[in-house]
Amino acid sequence: TKNIAVMTSGGDAPGMNANVRAIIRAAIYKGCKAFAVYEGYSGLVKGGPQYIREMHWNDVRGWLAEGGTNIGTARCMEFKERWGRLAACKNMIEAGIDALVVCGGDGSLTGADLFRAEWPSLIAELHEKGEITSQQYENHKHLNICGTVGSIDNDMSSTDATIGCYSSLARICEAIDYIDATANSHQRAFVIEVMGRHCGWLALMAGIATSADYIFIPEKPSSRKDWSDHMCQIVAAHRARGKRKTIVVVAEGAIASDLTPITCEDVRDVLVERLKLDTRITTLGHVQRGGNAVAYDRLLATMQGVAAVDAVLEGTPETPSPMIAVVENKIVRKPLVEAVKLTKSVAEAINAKDFAKAISLRDSEFVE
Ligand code: ADP
């Protein structure tokens, strides 16, 4: 049998609990022991029974729908240093863990991939220093690792949806529906900022699903003059047709073609100055992360959790570390390194102002 540990890392997302539950129960079902690493990589670096705990079937009862992550998550600077990863390696071996499933965003999965690549040199160093026994060294020569993608942003390449993105989308739409009523009553304009970091998926999908008048996303930058003219023309046309309210959705990462941020304040000022609209700004903030996971996220997290356990049980030193993805409604394994590399190239392409490349790399036909 294997001792399989699960950890959540990076930004929390609804459905992470469902993923942890599925991994723990699938591991037990397959005759393995299941463990949870609490507080992300910092729990691994600190180690000991407080942070690396064996989990039983009943420990995750009721977790399927719950938002957030009950085993905690953290941003951990120490894990970015080799000494931090060396401590993590030792703690894992002491706890007898031989496979790790990390549920997190691209940062967390980059860390996971680096950890696996470095593993042979880490255990060799621990063995040399006499910090682990020869038996432990022999038993842990290879680290079996697997990633599942938990993020509200849906910003990972190679997968159609990340665990949490549909819950967040549902929450955003609900909030915009509330704003709609008041906007309509007072004939106001609302500029609404939504999360997503450098990815416009949440803003675009929420904008379409709430019939927003205009949407700003990082993937489609334009000059201040161009977006001002275009937005005013569209909003004025909608008003002329009798629409009593205006909703503009701004992704937090929205940028102009000179790569400066487009802020809600910029957009409000244009609506006030040029169209004389009574305009308010609403930043949705952390409500976007809260609440229960929607049915789709529960299903995705559960199916991917089972697939992750299968992947670590079938993993060999020769097979590349997998990331569990969903592509055209099928749960599939993708090479973790490739997915992380692709996601990073998107950021690089945006920095180089090569937006066409960024869009094609992210498999984002939705922008077209
Ligand atoms: P997300 O996983 O949501 O993208 P972060 O980028 O903050 O979130 O990453 C979460 C954690 O993963 C970091 O705090 C760090 O511990 C680890 N991590 C991220 N990038 C690396 C890296 N290049 N090397 C090692 N660990 C990393």
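In what order do the 4 strands of the open sheet with parallel pairing lie? The order is β7-β8-β6-β9. The legends below refer to a predicted model.

**Figure 1. The open sheet of 4 strands, with parallel pairing.** In the order β7-β8-β6-β9, the edge positions are taken by β7 (214–216) and β9 (279–283), each of which pairs on one side only. On average, neighbouring strands of this sheet are turned by 15° against each other, direction ignored. Strand β6 (residues 189–194) runs parallel to β9 and is joined to it by 5 bridges. Helix α6 (residues 165–186) lies across β6, β8 (246–251) and β9, and its direction is at about 165° to β6.

**Figure 2. Arg268 in helix α9.** Helix α9 spans residues 264–275 and contains Arg268. Leaving out residues up to four places away in sequence, Arg268 touches Val191, Thr279 and Ile281. Is Arg268 buried or partly exposed? Arg268 is partly exposed, because 19 other C-beta atoms lie within 10 Å, and a buried residue needs 20 or more.

**Figure 3. The open sheet of 7 strands, with mixed pairing.** The strand order is β3-β2-β1-β4-β5-β10-β11. At the edges stand β3 (52–55) and β11 (330–335); each has a single partner strand, so one side of each has no neighbour in the sheet. Neighbouring strands here are turned by 30° against each other on average, direction ignored. Helix α1 (residues 16–29) lies across β1 (3–8), β2 (33–37), β3, β4 and β5, and runs at about 180° to β1.

**Figure 4. Strand β5 and its partners β4 and β10.** Strand β4 (residues 99–104) runs parallel to β5, and 6 bridges join the two. Ala99 has Asn144 of β5 as its bridge partner. With strand β10 (residues 322–327), β5 pairs in the parallel sense over 2 bridges, and Gly147 stands opposite Met323 of β10. In a regular strand, side chains alternate between the two faces of the sheet. In β5, Asn144, Cys146 and Thr148 point one way, while Ile145, Gly147 and Val149 point the other way. Because 6 of the 6 residues of β5 are buried, the strand is largely enclosed by the rest of the structure.

**Figure 5. Asp153, in the loop between β5 and α6.** The loop that holds Asp153 lies between β5 (144–149) and α6. Asp153 carries the UniProt annotation "active site", from an unreviewed entry. Why does Asp153 count as buried? Asp153 is buried because 24 other C-beta atoms lie within 10 Å, against a cut-off of 20 or more. Neighbours within four places in sequence aside, Asp153 is in contact with Cys165, Met195, Gly196, Arg197, Cys199, Trp201 and Leu202.

**Figure 6. The shell of 17 residues around the ligand.** The closest residues are Gly10, Gly105, Gly107, Ser108 and Gly111. Helix α4 (residues 106–128) gives the most to this shell, with 6 residues. By class, the shell comprises 4 nonpolar, 10 polar and 3 charged residues.

Technical notes. Residues are numbered from 1 along each chain as its sequence is written. This is a predicted model: local features need pLDDT of at least 70, side-chain atom pairs count only at pLDDT 80 or more; totals for chains, interfaces and linings use all residues. Two strands pair if DSSP finds at least two bridges between them. Axes are lines fitted to C-alpha atoms, for helices over the stretch in contact, and angles run from 0 to 180 degrees between N-to-C directions. Two residues are in contact if their C-beta atoms, placed from the backbone, lie within 7 Å. A residue is near a molecule or strand if its C-beta atom, placed from the backbone, lies within 6 Å of it. Ala, Val, Leu, Ile, Met, Phe, Trp, Tyr, Cys and Pro count as nonpolar, Asp, Glu, Lys and Arg as charged, and the others, Gly among them, as polar. UniProt positions are given in the numbering used here, feature names are shortened, and annotations may be inferred rather than shown by experiment. A residue is buried if 20 or more other C-beta atoms lie within 10 Å of its own, exposed if 12 or fewer, and partly exposed in between; C-beta atoms are placed from the backbone.
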